[in-house]
Amino acid sequence: MTVVDTPTSERDPVNPFKSTERGGKVDPIFRWVLRSSGVLVLAILALMVLRTTWAAWPVFASEGLDFFTGTLWSVGPSRSEVTGTYGAWPFIYGTLVSSALAIIIALPLAICTALYLTQLAPPRIARPGSYLVEMLASVPSIIFGLWGLLWFLPNVLRPVMNFLEDTLGQSFPPFSILFEGPVFGVSYFAAGVVLAIMILPIITAICREVFMLAPEGEKQAAYGLGATRWEVIRKVVLARSVPGVVGGTMLGLGRALGETVAVAMLIGASQRVGTSLLFPGDSMAAVIFNTFADGAPEAIWALFAIGVTLFFITMIVNILARLLVWRIGRITGDATV
Amino acid sequence: MPASHEDVFVIDDLSVRYSGRDALRNVSMVIPAGGITALIGPSGCGKSTLLRCLNRMNDLIRGCAVEGSLFYHGEDLYASDVDPVEVRRRIGMVFQRPNPFKDTIYSNVSFGPRLNGMKKGPELDEVVEKSLRRAVLWDEVKDQLTKNAFALSGGQQQRLCIARALATDPDVVLMDEPCSALDPIATMRIEDLMRELSTRYTIIVVTHNMQQAARVSDRTAFFSVSGGADDGGDPAGELVEFDETVTIFSNANDSRTEAYVTGRFG
């Protein structure tokens, strides 16, 4: 009578350890539910990639590598064959440039904000501050687009761009090229800055989590040896957080690469590859969004091809990030002095 | 080296409060140079709090307020123009859990000197070797200075932490229950090391292990909790008695000390 789980009546009188309803049947069902959920997600992903690639195939087949390097995007009217010219480089370039700009602006800001929230701010500021940051993440991107286009661009970005053009734009390469005028307004720069604001919360939130996990023992040890607050942050908190920060940055970059509406509103929908950040351009997601509604079938195939390319760029970025984290882990794991 | 007769710490009417709640009340004691001073007492008696006042580690705790005065070689550590960072550079500290940096053994030991501006080179190598020798760890790690400190055993890690504290050349080493996370053999080695270091450094150790205090220390301060609810006040730690360790353990003045060291209380 010591085992309370199984009523004595159900127990096999010969073998008290015989499998029962509880362990024998429910566990396999539970395992089966979990396993099928996992398989389902992978299956959906695989089907999506296959279906998209299949739909894009005529364009890939007709353009070959020129699809990635060509700079002319001239849409044809055909329903059955590829008659236009599809060079997606201006869009690939726009996506990469605006996302890179977003990361360059957002990452330092996010790290500083997260350091403030975790290392400096008193609890009565740190807690609401963290909530606010996370709230920013839930603002829909159309709002960012509208606000960016109608208020932020004319009131803040345009003066900033004018200033950059007047100063850096008049200096020397590479700045004289990157900030060459004239200032149009909608541009890689405008899209990049608004993207930076959009990805700031996710990077900040992850950095905050990572910094909070910085080993308290090592922080105490550093303080005990006479490290200043900044030295503790640099040599313990930041040094231990590199993999996490890289991970957070990649999540932000993933969002920036795929962000559609806000970028479509701010980047300028120009199919030229602009050497200056102040010139209008276009991004991969934005061109899909702007042209899918009135495209002939062959144009839709081409948009699918852009979609596949975007997917693979995101994947490559993620793989590179993982390699980077792995490398850093090896360096800090058994560093040589 | 015989202990000099200079007093290292002169503590005068020191009280510590955490967010308005008393943790330690009206402590006055003089800690002379050299030897080992043990701080013992039941949980919540404020012994760790006092230890963390000695190098101003308490400043890192939000809401911690210190009253009274605390002199280190005649300098008021709580004077308004004192930088706690400078205090911590001069007074070494070893913590309850071994807390090496997740880095090489060499980097661990050289952390303090590098903070103080010493560049990599033969001079730094020498400091690292000397510190590891003093912590009786050199022979075990001399061929693996570039190995990660996390690969060491718990006892070795704690000796590494001691070496790291010695590398900044302090004259005082504070130890906050340095053996409580270690097995008996590692504990014994740390205790031997403490005895050895006490000829050169002033060691102040917090321990909840009375046998340890009796074994290693020259002087013992017994703290207790007073002013509980039955007195109608907030409980807070206070210093009951501070004397030669032999006296505390065999012939205590205060009946509470005797009750504690003989195991009848706490």
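**Before you start**

The model is predicted, so local features need pLDDT of at least 70 and side-chain atom pairs count only at pLDDT 80 or more, while totals for chains, interfaces and linings use all residues. Residues are numbered from 1 along each chain as its sequence is written, chains are lettered from A and ligands numbered from 1 in the order in which they are written, and side-chain values use heavy atoms, with hydrogens and water left out.

**Stop 1: a helix pair in chain A**

Select residues 188–212 of chain A, helix H7, together with residues 229–258 of chain A, helix H9. Helices here are DSSP runs (H or I, at least four residues), numbered from the N terminus. The two pack at an angle of about 150 degrees, with their axes 8 Å apart. Axes are lines fitted to C-alpha atoms over the stretch in contact, and angles run from 0 to 180 degrees between N-to-C directions. H7(A) is therefore roughly antiparallel to H9(A), a label for angles over 145 degrees.

Now show the side chains in between. On the H7(A) side you will find, among them, Leu195(A), Met198(A), Ile202(A) and Phe211(A); H9(A) brings residues including Val237(A), Gly244(A), Gly248(A) and Arg255(A). Contact means heavy atoms within 4.5 Å. By class, this contact has 14 nonpolar, 5 polar and 1 charged residues. Ala, Val, Leu, Ile, Met, Phe, Trp, Tyr, Cys and Pro count as nonpolar, Asp, Glu, Lys and Arg as charged, and the others, Gly among them, as polar.

**Stop 2: helices H3 and H6 of chain B**

Move to chain B and pick H3(B), residues 105–115, and H6(B), residues 154–166. Their axes come within 6 Å and cross at roughly 35 degrees. Ile105(B), Asn108(B) and Val109(B) of H3(B) meet Leu160(B), Ala163(B) and Arg164(B) of H6(B). Sorted by class, that is 4 nonpolar, 1 polar and 1 charged residues.

**Stop 3: around helix H5 of chain B**

Stay in chain B and centre on Val141(B), which lies in helix H5. Val141(B) is buried, at 0% relative accessibility. (Buried means under 20% relative accessible area, exposed over 50%, and partly exposed in between, with a 1.4 Å probe and protein chains only.) Leaving aside neighbours within four places in sequence, Val141(B) touches Ile105(B), Leu132(B) and Leu152(B).

Next, select Glu140(B) and Arg159(B), which form a salt bridge with the closest N and O atoms 2.8 Å apart. A salt bridge is a side-chain nitrogen of Lys or Arg within 4 Å of a carboxyl oxygen of Asp or Glu. Arg159(B) is in H6(B) and Glu140(B) in H5(B), so the pair ties together parts that are 19 residues apart in sequence. Arg159(B) is buried at 5% relative accessibility, whereas Glu140(B) is partly exposed at 27%.

Asp139(B) and Lys142(B) also meet in a salt bridge, at 3.8 Å from N to O. Asp139(B) is exposed at 61% relative accessibility, and Lys142(B) is partly exposed at 38%.

**Stop 4**

Select Glu191(B) and Arg215(B), whose closest N and O atoms are 2.7 Å apart in a salt bridge. Glu191(B) sits in H7(B) (residues 184–197) and Arg215(B) in H8(B) (residues 210–216), 24 residues apart. Glu191(B) is buried, at 6%, while Arg215(B) is partly exposed, at 48%.

Finish with Arg17(B), Asp22(B), Arg25(B) and Glu67(B), which are linked in a network of salt bridges. Over all chains, the whole structure has 19 salt bridges.

Technical notes. Angles under 35 degrees count as roughly parallel, over 145 as roughly antiparallel, 65 to 115 as roughly perpendicular and the rest as oblique.
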